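The sequence and structure are shown first.

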Amino acid sequence: QLQLVESGGGLVQAGSSLRISCKASGGNFGDRAMGWFRQAPGREREFIARITYDGRNTNYDDSVRGRFIISRENDKNTVYLQMSALKPEDTAVYYCAGYVERLYGRIDSWGQGTQVTVSS
């Protein structure tokens with residue numbers, strides 16, 4: 001398993017941008033796909049985006065496609081989520097996730113989450 005620590009969350013206004021980060025340790029970050037999920041109050045955790053081990057392929061949920069970009073820097077053991085045109089409905093705790101394989105598979109690592117709040 002990876003140890004994952006998210007950072008960069010905060011309170012922003014609708015329409016603004018924010019980048020959150022996830023620093024990994026304790027494992028083979030460069031050989032794992034990574035992902036971002038979020039959980040709003042009263043709702044289940046939902047998939048947002050994921051990226052293959054080499055960063056060449058990404059997938060997004062329809063709710064964020066065109067507004068959010070996932071990227072990674074393997075030399076820094078870090079994955080990012082650049083969020084733009086934020087909406088109040090993007091308010092949630094955002095979680096970083098580590099897949100067990102280079103091209104996804106199951107998830108075996110989770111971070112503690114970082115709160116993103118978008119005001120209208």
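This is a predicted model: local features need pLDDT of at least 70, side-chain atom pairs count only at pLDDT 80 or more; totals for chains, interfaces and linings use all residues.

**Disulfide**

A search of the whole structure returns 1 disulfide. The bond links cysteine 22 and cysteine 96, with an S to S distance of 2.2 Å. Cysteine 22 belongs to strand S3 (residues 18–25) and cysteine 96 to strand S9 (residues 92–101), so the bond ties together parts that are 74 residues apart in sequence. The torsion about the S-S bond is about -80 degrees, so the disulfide is left-handed. Cysteine 22 has a relative accessible area of 0% and is buried. Cysteine 96 is also buried, at 0% relative accessibility.

**Nonpolar cores**

The largest nonpolar core holds 27 residues, and those with the most contacts inside it are Trp36, Val79, Leu81, Met83 and Tyr94. Two or more residues each are given to this core by S3, strand S4 (34–39), strand S5 (46–51), strand S7 (68–73), strand S8 (78–83), S9 and strand S11 (114–119). S3 supplies the largest share, 4 residues. Apart from this core lies another, of 5 residues, including Ala33, Ala97, Tyr99 and Tyr104.

Leaving out residues up to four places away in sequence, leucine 81 touches Leu18, Arg19, Ile20, Trp36, Ile48, Ala49, Phe68, Ile69, Ile70 and Tyr94.

**Open sheet**

An open sheet is formed by 4 strands in the order S1-S3-S8-S7, with antiparallel pairing. Strand S1 (3–7) and S7 are the edge strands, each with a single partner strand, so one side of each has no neighbour in the sheet. From one strand to the next, the twist averages 20 degrees. S8 is mostly covered, with 5 of its 6 residues buried.

| Strand pair | Bridges | Opposite residues |
|---|---|---|
| S1 and S3, antiparallel | 5 bridges | valine 5 and lysine 23 |
| S3 and S8, antiparallel | 6 bridges | lysine 23 and threonine 78 |
| S7 and S8, antiparallel | 6 bridges | arginine 72 and valine 79 |

Lysine 23 stands opposite valine 5 and also opposite threonine 78 in S8. The hairpin of S7 and S8 has 4 residues between the strands, and asparagine 77 in that hairpin takes a positive phi near 50 degrees.

**Arginine 38**

The side chain of arginine 38 makes a polar contact of 2.7 Å with the side chain of glutamate 46. A further polar contact, of 2.9 Å, joins the side chains of arginine 38 and tyrosine 94. Tyr94 is one of the residues with the most contacts inside the largest nonpolar core, and it is also touched by leucine 81.

With neighbours within four places in sequence set aside, arginine 38 is in contact with Glu44, Arg45, Glu46, Ile48, Ser63, Val64, Phe68, Glu89, Asp90, Ala92, Val93 and Tyr94. Among these, Ile48, Phe68 and Tyr94 are also touched by leucine 81.

Methods: Residues are numbered from 1 along each chain as its sequence is written. Side-chain values use heavy atoms; hydrogens and water are left out. A disulfide is a pair of cysteine sulfur atoms within 2.5 Å. Buried means under 20% relative accessible area, exposed over 50%, partly exposed in between (1.4 Å probe, protein chains only). A nonpolar core is a set of buried Ala, Val, Leu, Ile, Met, Phe, Trp, Tyr and Cys residues joined through side-chain atoms within 4.5 Å. Contact means heavy atoms within 4.5 Å. Two strands pair if DSSP finds at least two bridges between them. Axes are lines fitted to C-alpha atoms, for helices over the stretch in contact, and angles run from 0 to 180 degrees between N-to-C directions. A polar contact is a pair of N or O atoms within 3.5 Å; within protein, one must be able to donate a hydrogen and the other to accept it, and residues adjacent in sequence count only if both atoms are side-chain atoms.
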